[in-house]
Amino acid sequence: MSGFKRIAVLGSTGSIGDSTLDVIARYPEHFGVYALSAFSRMDKLAAQAAVTGAAVVVVPDDAAAARFRQAWKGAGPMPEVRVGAQALADTAADPGCDTVMAAIVGAAGLPAALAAAQSGKRVLLANKEALVAAGSLFMAAVRQSGAELLPIDSEHNAIFQCLPQTGRAEAPLAPAPGVRKLILTASGGPFRRHDPADLADVTPDQACAHPNWSMGRKISVDSATMLNKGLEVIEAHWLFAMPAERIEVLIHPQSVVHSMVEYEDGSVLAQMGQPDMRTPISYGLGFPRRLDPGVSPLDLVKWGRLEFEAPDLQRFPCLALAYAALRAGQAACVTLNAANEVAVAGFLEGRLPYPWIARVIEAALEWQAGRPSVTLDRLTDVLDLDAEVRAYAGNLGLA
């Protein structure tokens, strides 16, 4: 690891942001915080900025900026407060930082992640939508700018570690030589053993009770439906230039094997570790050097047994819909993601039964397939389609 790195943590008040700041604090000689961003938790953002000495914070609107200033109790000077989506993208491209942790959940994080890639930064990608909704644009930006792209999702980080060591942080144009397939593992979430007929009355709290990981509510619901694994299949396609038929999903309830790579000679390489996001975060921050993230060692004797099983697509229809979207093309992937965000919001707010999340997504995909084809050559094209899908899904009377 060469030189001192200045980090912008976009989405700093979420679980990924918390873990990132924890790892950074362990290595003050190597890392400093340049910028932080948050959407609503201004008290926490102010506390983070005071502790880290961040030079910049980015908030969504003037009201949030006022709340941040009111919450500021730092001993040093208040950071520069930047406001709005354009300020977020500008900060991701700011020459004051060389590394960007893109951890904003949802399509809202897409423009900033793309701006970081276009600016040639080291991009620690924890935002799924950058690749799900704009994979071709994003990977082209990485190639053109010479950015370093390091996946932070535990599954993609695991695959990254298990692939051949050449061209590690570049955007590939073809699958790595000798690789037969990628195997993404999934916990199966809280409903792995439930009969699909028993899911009609699932509550948001039940859906968010992930057995292994501590995550935000939206991501937790995506884990319960396994839509998150479908998004990860789409991400893996772009990150590793792998076709859908060579990306497999296996349920692994223990979440110890984070993912695997199968080679043409029959060898399978797996990355294993405690279910703690500080491990992939530290790998991205320190790459190619490995850092101690403060995670306890993996005790295989304690675990004793590791299980694997194929996912039941009747129980997890969202996974099948994601594979279908990937095969259908980028517009379908935009539709999948946008419809899911609308449906999950409706479920979390008590306006949509849990099984209808998949039904909203399926209806939106059918609607999109019946429309004239669209070109998605610019970010505005992607965002326009995203908005149209959200309006359609919102008008179904279900969300």
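This text walks through the protein from its overall form to single residues.

The model is predicted, so local features need pLDDT of at least 70 and side-chain atom pairs count only at pLDDT 80 or more, while totals for chains, interfaces and linings use all residues. Residues are numbered from 1 along each chain as its sequence is written, and side-chain values use heavy atoms, with hydrogens and water left out.

Start with the whole. The protein has 17 helices and 11 strands. Helices (H or I, at least four residues) and strands (E, at least two) are DSSP runs, numbered from the N terminus. The C-alpha trace spans about 55 × 50 × 40 Å along its principal axes. A compact globule of 399 residues would have a radius of gyration near 21 Å, and the protein agrees with its 20 Å. That radius is taken over C-alpha atoms, and the globule rule is 2.2 Å times the number of residues to the power 0.38.

Of the 399 residues, 56% count as buried. Buried means under 20% relative accessible area, exposed means over 50%, and partly exposed lies in between (1.4 Å probe, protein chains only). The protein exposes about 16400 Å², and carbon and sulfur atoms supply 53% of that area. Accessible areas come from the Shrake-Rupley method with a 1.4 Å probe; for residues, only the protein chains shown count as cover.

Next come the contacts. Contact means heavy atoms within 4.5 Å. Take the contacts between residues at least 6 apart in sequence: 70% of them join residues at least 24 apart.

Lys 5 lies in strand β1 (residues 5-10). The C-alpha atoms of Lys 5 and Thr 99 are separated by 6.9 Å, although the two residues are 94 residues apart along the chain. Set aside the neighbours within four places in sequence, and Lys 5 is in contact with His 30, Phe 31, Gly 32, Asp 98, Thr 99, Arg 122 and Leu 285. Lys 5 counts as buried because its relative accessible area is 14%.

Ser 37 sits in strand β2 (residues 31-37). Ser 37 is buried, at 3% relative accessibility. Not counting residues up to four places away in sequence, Ser 37 touches Val 9, Leu 10, Gly 11, Ser 12, Thr 13, Leu 45, Val 58, Leu 88 and Ile 104.

Helix α8 (residues 154-162) has nine of its nine residues buried, so it is largely enclosed by the rest of the structure. These buried residues include Glu 155, His 156 and Phe 160. The buried residues of α8 pack against β7 (148-151), β8 (179-186), α11 (227-240), β10 (257-263), β11 (268-272) and α12. Helix α12 (residues 278-286) is itself largely enclosed, because eight of its nine residues are buried. Among them are Arg 278, Tyr 283 and Leu 285.

Turn to the aromatic rings. A pair of aromatic rings is described by the distance of the centres and the angle of the planes. Rings of Phe, Tyr and Trp (its six-membered ring) pair if their centres lie within 6.5 Å; planes under 30 degrees apart count as stacked, over 60 as edge-to-face and the rest as tilted. The whole structure holds seven aromatic pairs. Phe 347 and Tyr 354 form an edge-to-face pair, with 5.5 Å from centre to centre and 65° between the planes. Phe 347 is buried at 2% relative accessible area, and Tyr 354 is buried at 7%. Elsewhere, Phe 160, Tyr 283 and Phe 287 form one aromatic cluster.

Finally, check the backbone. Most residues other than glycine have a negative phi, and most peptide bonds are trans. Phe 287 and Pro 288 are joined by a cis peptide bond, with omega about 5°. Pro 288 is in the loop between α12 and α13 (300-303). Ala 241 is not a glycine, yet its phi is positive, about 50°. Ala 241 is in the loop between α11 and β9 (247-251), and is buried with a relative accessible area of 18%. Ser 255 also has a positive phi, near 55°. Its place is in the loop between β9 and β10, and Ser 255 is buried at 6% relative accessibility.
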